[in-house]
Amino acid sequence: MTEPVLETLTPVTHNLGAFEVRRVLPSPARTMVGPFIFVDQFGPAILPIGTAMDVRPHPHINLATVTWLFGGKYAGAIDHRDSLGTFATIRPGQVNLMTAGRGIVHSERGPEAERAAGPRLYGMQTWLALPDGREEIDPAFEQQTDLPVIDDGRVRAQVIMGTLWGQTAPTTQHSHTIYAEIMLQAGGAIPIDASADERAVMLVGGDAAIGGAALEPYALAVLAPGAALSLTSQDGGRVMLLGGEAFTSRRYAWWNFVSSSRERITHAKHDWDAGRFPKVPGDEDEFIPLPKVANTRANL
């Protein structure tokens, strides 16, 4: 019998003082699962009163970012601004998809209204590599709030992207993508679709097992391709499911840039350093300088 888990990727944890960020992709063992090339999980945390998460304006190329916040005790919000002139407040249960394409700049900050109470943070930040022929598309932003929910009383699954359990999210797909949040009550179980080229699950709260194999908290369990599996929980848990089309051409990552071309990343580095990217309306005064050493683990 095929083992349900092909490999388990352990995250690198960055302690930012008030909260932790766990980065599981890219890793030395694997750079992508489907189109997902970057996976961060942050929180749960309650930040000190008067503080907030403040990510200054920074650039992206040749990728799409997906921001997802969890509900419950640690439900929070993030204000998004970008160089297209977009302003949107990200809240639990809605997905923000920002397509960088040929280039975009954005910032992410805690809403002013939440700072006085002690902001709460708990969620996921992921990047999707754009497929061949679409890396340089026009930048775009969308926020989807009407996402399909599958609920049998013991399992509640929300489809963030793609088609799962017979339901399709309205979120734009640049390549075949699956992404979902699954909440299991004690004794709950749900089948995991086997049609995607590559799939992985991450336990972000409580307990869960896939095909009988217990999941490690915050690790990314890459599933055996084509295997029909069931996700279960003994006492209740929260799990993220992600994956999709396997890329046949290599992607490089350096800092906030992803591309199939090393030269394109070098060009983007020079553009950012020289101030040639557009500004973010409403957040023009600050920016993150180009680092001397990038903080991804798939550096050029």
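Residues are numbered from 1 along each chain as its sequence is written, and side-chain values use heavy atoms, with hydrogens and water left out. Because the model is predicted, local features need pLDDT of at least 70 and side-chain atom pairs count only at pLDDT 80 or more, while totals for chains, interfaces and linings use all residues.

**First stop: an open sheet**

Select strands S5, S10, S7 and S8, which form an open sheet in that order with antiparallel pairing. Strands are DSSP runs (E, at least two residues) numbered from the N terminus, and two of them pair if DSSP finds at least two bridges between them. Strand S5 (54–60) and strand S8 (87–90) are the edges; each has a single partner strand, so one side of each is left without a neighbour in the sheet. On average, neighbouring strands of this sheet are turned by 20° against each other, direction ignored; the axes are lines fitted to C-alpha atoms.

Next, select residues 78–82 (S7) and 104–109 (S10), an antiparallel pair with 4 bridges. Here His80 has Glu108 of S10 as its bridge partner.

**Second stop: strand S9**

Select residues 95–99. Is this strand enclosed or open? In S9, 5 of the 5 residues are buried, so the strand is largely enclosed by the rest of the structure; buried means under 20% relative accessible area with a 1.4 Å probe, protein chains only. Val95, Leu97 and Thr99 lie on one side, and Asn96 and Met98 on the other.

S6 pairs with S9 in the antiparallel sense over 4 bridges, and Thr67 stands opposite Asn96. Strand S12 (residues 140–144) runs antiparallel to S9 and is joined to it by 5 bridges, with Thr99 opposite Ala140.

**Third stop: the pockets**

A pocket is an open set of points on a 1 Å grid over the protein atoms alone, where a 1.4 Å probe fits, with protein on both sides within 12 Å along at least five of seven lines; lining residues have an atom within 4 Å of a point.

The largest pocket holds about 780 Å³ of space, a volume being the space filled by probe spheres set on the points. Select Leu16, Val21, Arg23, Asp40 and Val55, the closest to its centre of the 28 lining residues. S5 gives the most to this lining, with 4 residues.

Finally, select Trp272, Gly275, Phe277, Lys279 and Phe287, which lie nearest the centre of the second largest pocket. About 200 Å³ of space lies in this second pocket.

Conventions
Axes are lines fitted to C-alpha atoms, for helices over the stretch in contact, and angles run from 0 to 180 degrees between N-to-C directions. Buried means under 20% relative accessible area, exposed over 50%, partly exposed in between (1.4 Å probe, protein chains only).
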